[in-house]
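Work through the exercises below with the model open in your viewer. Try each task before reading its solution.

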Amino acid sequence: LLVADESHVMLPQLRAMHGGDRSRKLGLVAGGYRLPSALDNRPLTFEEFWERVPQALLVSATPGGVENEWCESRMVDMVVRPSGVVDPPIKIFPRANQLPQLAAAVRERAARG
């Protein structure tokens with residue numbers, strides 16, 4: 001799982017990395033400062049990178065076109081509370097029997113109305 005925070009910045013940088021590296025090395029090769037084989041040592045292209053990532057969680061306050069295109073209807077909004085508002089208490093249950101505990105808590109809350 002790849003977690004990409006600030007994906008609206010990371011994705012364009014990832015897309016440009018291969019092109020920028022190639023452009024820089026072409027100038028060095030043309031000037032005789034590097035051998036042509038320097039072009040073989042390169043970052044992955046955008047497509048090559050994503051072929052190696054089985055799952056990704058893209059986190060962004062301002063998702064861009066790529067995030068919107070990829071996520072379709074699977075996008076989740078995170079509500080961040082303004083300063084000074086206290087978050088409600090939470091309970092964290094162990095993984096074992098987590099669903100039965102959750103179901104019991106829901107039934108208990110539903111019974112209270």
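**Exercise 1. Fold inventory**

How many helices and how many strands are there in the protein?

*Solution.* The model is predicted. Start with the count: the protein has four helices and two strands. The pattern reads β-α-α-β-α-α. Now test the overall spread. The globule rule gives 13 Å for 113 residues, but the radius of gyration is 23 Å, so the protein is more spread out than a compact globule.

**Exercise 2. Box, surface and charge**

State the box that the C-alpha atoms fill, then describe burial, surface and charge.

*Solution.* Take the principal axes. Along them, the C-alpha atoms fill a box of roughly 80 × 35 × 25 Å. Turn to burial: 14% of the 113 residues are buried. Then count charges. There are 14 positive and 13 negative side chains. The centres of these two sets are 6 Å apart. Last, look at contacts between residues at least 6 apart in sequence: 58% of them join residues at least 24 apart.

**Exercise 3. The nonpolar core**

Which residues form the largest nonpolar core?

*Solution.* Begin with the general expectation. In soluble globular proteins, nonpolar side chains tend to be buried together. Here, the largest such core holds seven residues: A4, L11, L14, F46, W50, V53 and L58. Then assign them to elements. Two or more core residues come from each of α1 (7–30) and α2 (46–51).

Follow one member, L58. Leave out residues up to four places away in sequence. L58 then touches A4, S7, L11, W50, E67 and W70.

**Exercise 4. L14**

Is L14 buried or exposed?

*Solution.* Locate the residue: L14 sits in helix α1. Check its area. The relative accessible area of L14 is 8%, which means buried, as the cut-off is under 20%. Now list its partners, again skipping residues up to four places away in sequence. L14 touches F46, F49 and W50. Finally, take one distance. L14 and F49 are 35 residues apart along the chain, and their C-alpha atoms are separated by 8.6 Å.

**Exercise 5. Positive phi**

What is the phi of E6, and what is the phi of N97?

*Solution.* Take E6. Its phi is near 55°, a positive value in a residue other than glycine. E6 lies in the loop between β1 (2–5) and α1. With a relative accessible area of 39%, E6 is partly exposed.

Take N97. Its phi is near 65°, also positive in a residue other than glycine. N97 belongs to the loop between α3 and α4. N97 is exposed, at a relative accessible area of 56%.

**Exercise 6. V86**

Where is V86 placed, and how far is V86 from P100 in space?

*Solution.* First, the element. V86 is in the loop between α3 (65–71) and α4 (98–112). Second, the area. V86 has a relative accessible area of 70%, so it is exposed by the cut-off of over 50%. Third, the distance. V86 and P100 are 14 residues apart in sequence. C-alpha to C-alpha, V86 and P100 are 29 Å apart in space.

Notes
Residues numbered from 1 in each chain as written. Heavy atoms only, no water. Rg over C-alpha atoms; globule rule 2.2 N^0.38 Å. Buried < 20%, exposed > 50% of the residue type's maximum accessible area, 1.4 Å probe, protein only. Contact = heavy atoms within 4.5 Å. Lys, Arg positive; Asp, Glu negative; His and termini not counted. Charge placed at Lys NZ, Arg CZ, Asp CG, Glu CD. Core = buried A, V, L, I, M, F, W, Y, C linked by side-chain atoms within 4.5 Å.
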